[in-house]
Structures are given as C-alpha cells and as structure tokens.
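Please work through the exercises below with the sequence and the model side by side.

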Amino acid sequence: MKIVKLLSLIVISTLFVLTFFHQKVISMVLLPQYIEWAYTVEEKGLMAGKSLSERELSLAKEIGITNPEKIKIVYVEEVPFPHENFALKTLGEALGFIGEGIINNAQVFGYTIYVRNGFDLNKPKLAHELVHVLQMERMGLDNVVTQHFSDLAQYGYNNAPLEVEAFEANKKYSQDW
C-alpha cells in the first residue's frame with residue numbers, strides 16, 4: 001500500500017510541476033533541442049537546395065533580404081520535423097505544427113526554405129516564406145523560433161505576429177509571376 005501511495009504522490013507531483021512550470025520546461029528544455037535540430041536542418045538544406053532564380057532573387061531583394069544569394073529551396077516529400085524526439089513531437093502536435101490532418105507545405109530554417117513536393121510555390125507564397133527569411137536575418141533563428149513558439153501558444157497560427165507580417169506579403173505580392 002505504501003508503494004501505491006508513493007507512486008501516486010510522484011505522479012501527482014510530476015503533473016503539478018508540468019502544469020505550473022510547462023513554459024519553463026518548454027523554454028529551458030524543448031526549445032534548445034528544437035533550435036539545435038533546426039540549425040542542422042538549415043545546414044543540410046544549404047548543401048542540398050537550389051539557389052533562387054533571377055526573378056526570385058529580385059523578389060527577395062524587394063522584400064528587404066540582405067543576403068538573398070544565400071537562400072536555398074529544398075523540395076521534399078514532407079517538410080522536416082523532429083518526429084523521432086517524443087517531447088518535441090508532442091509539443092509540435094500541441095502547437096499545430098504536425099498531427100493528423102495537418103500538412104505543412106513550406107517552412108523556413110534560416111536561409112533554407114523547405115517546400116513539400118506538389119505545393120505551388122507561386123509569387124505570393126514565396127513572398128510569405130521570404131518574409132520569414134527576413135525575420136531570421138533581423139532576429140536570428142534562435143529568437144524567431146523562441147518568439148514563434150510563444151506566439152503560437154498565445155495567439156494561434158493565424159494571429160501570431162510573425163505570421164501576420166508574412167501574410168501581408170501574400171497580399172502585397174498577390175499577382176503571380
């Protein structure tokens with residue numbers, strides 16, 4: 001009976017700590033893991049991706065990107081996410097990055113834009129992703145990831161400030177090539 005009480009106390013204590021300190025757990029444990037993984041994904045993309053075309057470079061410059069020549073686009077079957085890390089997978093599901101019925105069509109990792117095969121990366125959609133590259137130039141990948149995760153939890157995807165800025169580019173560059 002003492003073992004059952006002890007195990008119950010441990011489970012309740014763990015749930016209490018996770019409930020009241022989940023933001024600390026996310027910021028101190030999970031975000032550094034995700035950021036480290038994101039740098040690896042960017043590095044792989046920079047080696048495997050294709051450079052922007054002349055008109056894509058022109059668009060990137062117009063958006064204000066300082067180093068558009070560094071940008072690479074990588075076409076993949078599935079936009080990367082660290083599915084093998086249970087904690088990050090759970091966080092991704094909670095924030096709506098991944099999960100049943102969720103298809104991530106494109107995502108920026110530093111100067112690398114990963115695009116799902118079959119996704120039409122037209123001018124407005126590319127402009128959206130290029131704004132995310134601009135944000136990373138301004139703030140750094142670490143800060144963008146940290147802010148974006150926080151914003152997603154607070155505002156949801158459509159109202160997250162970094163996404164709102166990128167959605168403006170969709171509107172501004174709504175005419176396709």
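**Exercise 1. The strands**

Which residue in β2 is the bridge partner of lysine 50?

Solution. The coordinates are a predicted model, in which local features need pLDDT of at least 70 and side-chain atom pairs count only at pLDDT 80 or more, while totals for chains, interfaces and linings use all residues. Residues are numbered from 1 along each chain as its sequence is written, and side-chain values use heavy atoms, with hydrogens and water left out.

Step 1. The bridge partner of lysine 50 in β2 is isoleucine 73. Strand β1 (residues 50–51) and β2 run antiparallel and are joined by 2 bridges; two strands pair if DSSP finds at least two bridges between them. Helices (H or I, at least four residues) and strands (E, at least two) are DSSP runs, numbered from the N terminus.

Step 2. Strand β4 (residues 112–116) runs parallel to β2, with 5 bridges joining them. Lysine 72 stands opposite threonine 112 in β4, and valine 76 stands opposite arginine 116 in β4.

Step 3. β3 and β4 run antiparallel, joined by 4 bridges, and glutamine 107 has tyrosine 114 as its bridge partner in β4. β3 and β4 form a hairpin with 2 residues between them, and glycine 110 in the turn has a positive phi of about 65 degrees.

Step 4. For burial, the cut-offs are under 20% relative accessible area for buried, over 50% for exposed, and in between for partly exposed (1.4 Å probe, protein chains only). Strand β2 (residues 72–76) is mostly covered, with 4 of its 5 residues buried. Because 4 of the 5 residues of β4 are buried, β4 is largely enclosed by the rest of the structure.

**Exercise 2. Aromatic pairs**

How many aromatic pairs does a search of the whole structure find? Describe the geometry and setting of two of them.

Solution. Step 1. The search finds 7 aromatic pairs, where rings of Phe, Tyr and Trp (its six-membered ring) pair if their centres lie within 6.5 Å, and planes under 30 degrees apart count as stacked, over 60 as edge-to-face and the rest as tilted. The rings of tyrosine 34 and tryptophan 37 have centres 5.2 Å apart and planes at 50 degrees, so this pair is tilted.

Step 1. Tyrosine 34 and tryptophan 37 both lie in helix α1 (residues 2–48), 3 residues apart, which is about one turn of the helix, and both are buried.

Step 2. For tyrosine 157 and phenylalanine 167, the ring centres are 5.8 Å apart and the planes are at 80 degrees, so the pair is edge-to-face. This pair links distant parts of the chain, with tyrosine 157 in the loop between α5 (141–155) and α6 (161–172) and phenylalanine 167 in helix α6, 10 residues apart. Tyrosine 157, at 43% relative accessibility, counts as partly exposed, and phenylalanine 167, at 25% relative accessibility, also counts as partly exposed.

Step 3. One aromatic cluster is formed by Tyr34, Trp37, Phe81, Phe109, Tyr114 and Phe149.

**Exercise 3. The setting of valine 41**

Is valine 41 buried or exposed?

Solution. Step 1. Valine 41 is in helix α1, and because its relative accessibility is 7%, valine 41 counts as buried.

Step 1. Not counting residues up to four places away in sequence, valine 41 touches Pro80, Phe109 and Tyr114, contact meaning heavy atoms within 4.5 Å.

Step 2. Valine 41 and glycine 110 are 69 residues apart in sequence, and 9.2 Å apart in space from C-alpha to C-alpha.

**Exercise 4. The chain as a whole**

How many helices and strands does the chain have, and in what order do its elements run?

Solution. Step 1. The chain has 6 helices and 4 strands, and from the N terminus on the elements run α-β-α-β-α-β-β-α-α-α.

Step 1. Of the 177 residues in the chain, 40% are buried. Among contacts between residues at least 6 apart in sequence, 67% join residues at least 24 apart.
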